[in-house]
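Dear colleague,

I am passing on the structure below, followed by notes on what was found in it. Please read the two side by side.

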Amino acid sequence: MLEKIESLFIDFKEQIEKVDKQADVLNLKSSFIGKKGALSEILKSLKDATPEQRKAIGPKSNEVKQEIEKKVQAKLQEIELKEVNEKLSQSKIDFSLTDSVLDKGLNVGGVHPVHQMQRDVEDIFQSMGFEVLDGPHIEDDWHNFGALNIPETHPARDMQDTFWFEDKKHLLRTHTSTIQVRGMETRKPPFKFVGPGKVFRCERTDATHEMCFHQLEGMMVGKDITVGNLIYFMKTLLKEIFKKDMEVRLRPGFFPFVEPGFELDIRWKKPKKGESEHSGWLELLPCGMVHPNVLKAGGIDPEQYNGFAFGLGLDRLVMVKNAIEDIRHLHSGDLRFNKQFSSY
Ligand code: DAH
């Protein structure tokens, strides 16, 4: 029997060399080691063998079975590889294309500078323990205005020209402050988060205005939060973005959802016509201490908790950092513009 098993294996090795189709390999396998295969046939006479013979035959048949399995797997892989290679050789894609060919003029995609800025700012805040939240573009009156202390008759609604839906109940969010409201609704203090995204305003487009642009909202709520905390986080953000300590100043600013509200300016040198350098202040970051009415609307007791909030214009930050004079470049889709940024 041992010899029979050995010659079966030799037979198998010869035959598997001759097949080159998946189905044939599988058929061959079952004709040798399948339930009704040749090996099973041989083993049927095991009952006639002596106990010594059995001791030798058991391991031998297992060994041969395993070897056959291995060879079947290897053959199947070989066939698959061959098929893939054949398909590739017929395809129009040139897999030998190298970087040097790409350098000669083919375009590869990249991250848009505004999106890159969003990722960078998210990273900075995440490293300081802030969550990153998302929110819907289509909002209701409450999340865009009401909960932010802007009641229906409030003149502040005119500050932001709104795209309303026909039902007059829904709108395209005019700012990411909506994310403040949604964040407060779903968590208990203390918490801190940022919420980036697109915002929409029904405005005439010019060098500094677009109908659609990007903001990043931030909020921190806890016990005994101060303007000092706000300044610390803003300065840290600016230092990371501009890669150096930035001088800042706070001026009073009005936003219904903060009290007191501020405009945070940075000291900025901007080249001006006829001058080599012009040194001045640049308005960059509106912010403030969250208004008690806003905390209440978010289900938070303003007697126990307070906090700060800010709204960063991401397009504006990209423009300031890269001395871009017209916001429309950012949305033009002009590759000559986009390629100036390192990720392209
Ligand atoms: N939502 C304001 C806007 O779009 C920006 C803003 C100002 C956000 C002050 C804030 C803030 O969180 O405290 O004009």
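A residue is called buried here when its relative accessible area is under 20%, exposed when over 50%, and partly exposed in between, using a 1.4 Å probe and protein chains only. The model is a predicted one, in which local features need pLDDT of at least 70 and side-chain atom pairs count only at pLDDT 80 or more, while totals for chains, interfaces and linings use all residues. Residues are numbered from 1 along each chain as its sequence is written, and side-chain values use heavy atoms, with hydrogens and water left out.

With that cut-off, Lys-60 counts as buried because its relative accessibility is 17%. Lys-60 sits in helix H4, where helices (H or I, at least four residues) and strands (E, at least two) are DSSP runs numbered from the N terminus. Leaving aside residues up to four places away in sequence, Lys-60 touches Leu-2, Ile-5 and Glu-6, contact meaning heavy atoms within 4.5 Å. Helix H4 itself covers residues 51–90 and, with 40 residues, reaches 59 Å from its first C-alpha to its last, close to the 58 Å expected at 1.5 Å a residue; the expected span is 1.5 Å times one less than the number of residues. Among the buried residues of H4 are Ile-57, Lys-60, Ser-61, Val-64 and Ile-68, and the buried residues of this helix pack against H1 (2–18), H2 (22–33) and H3 (38–44).

Turning to the ligand, 16 residues lie around it, of which His-175, Ser-177, Arg-201, Gln-215 and Glu-217 come nearest; a residue belongs to this group if one of its heavy atoms lies within 4 Å of the molecule. An N or O atom in the side chain of Ser-177 is 2.9 Å from a nitrogen atom of the ligand, a polar side-chain atom of Gln-215 lies 2.9 Å from a ligand oxygen atom, and a backbone N or O atom of Ala-309 lies 3.2 Å from an oxygen atom of the ligand. Taken alone the ligand exposes 350 Å², and the protein buries 92% of that, with areas from the Shrake-Rupley method and a 1.4 Å probe, only the protein chains shown counting as cover for residues.

Ser-177 is one of the buried residues of helix H8. Seven of the nine residues of H8 (residues 177–185) are buried, so this helix is largely enclosed by the rest of the structure. Strand E5 (residues 212–222) is likewise largely enclosed, because ten of its eleven residues are buried. E5 runs antiparallel to strand E4 (residues 191–200), joined by ten bridges, and antiparallel to strand E9 (residues 306–313), joined by eight bridges; strands pair if DSSP finds at least two bridges between them. Ala-309 in E9 is the bridge partner of Met-219.

Finally, some backbone details deserve a look. The peptide bond from Pro-189 to Pro-190 is cis, with omega near 0 degrees, and Pro-190 is placed in the loop between H8 and E4. The bond from Glu-259 to Pro-260 is also cis, with omega near -5 degrees, and Pro-260 has its place in strand E7 (residues 258–270).

Best regards

Technical notes: Polar contact = N/O pair within 3.5 Å; in protein donor to acceptor, adjacent residues only side chain to side chain.
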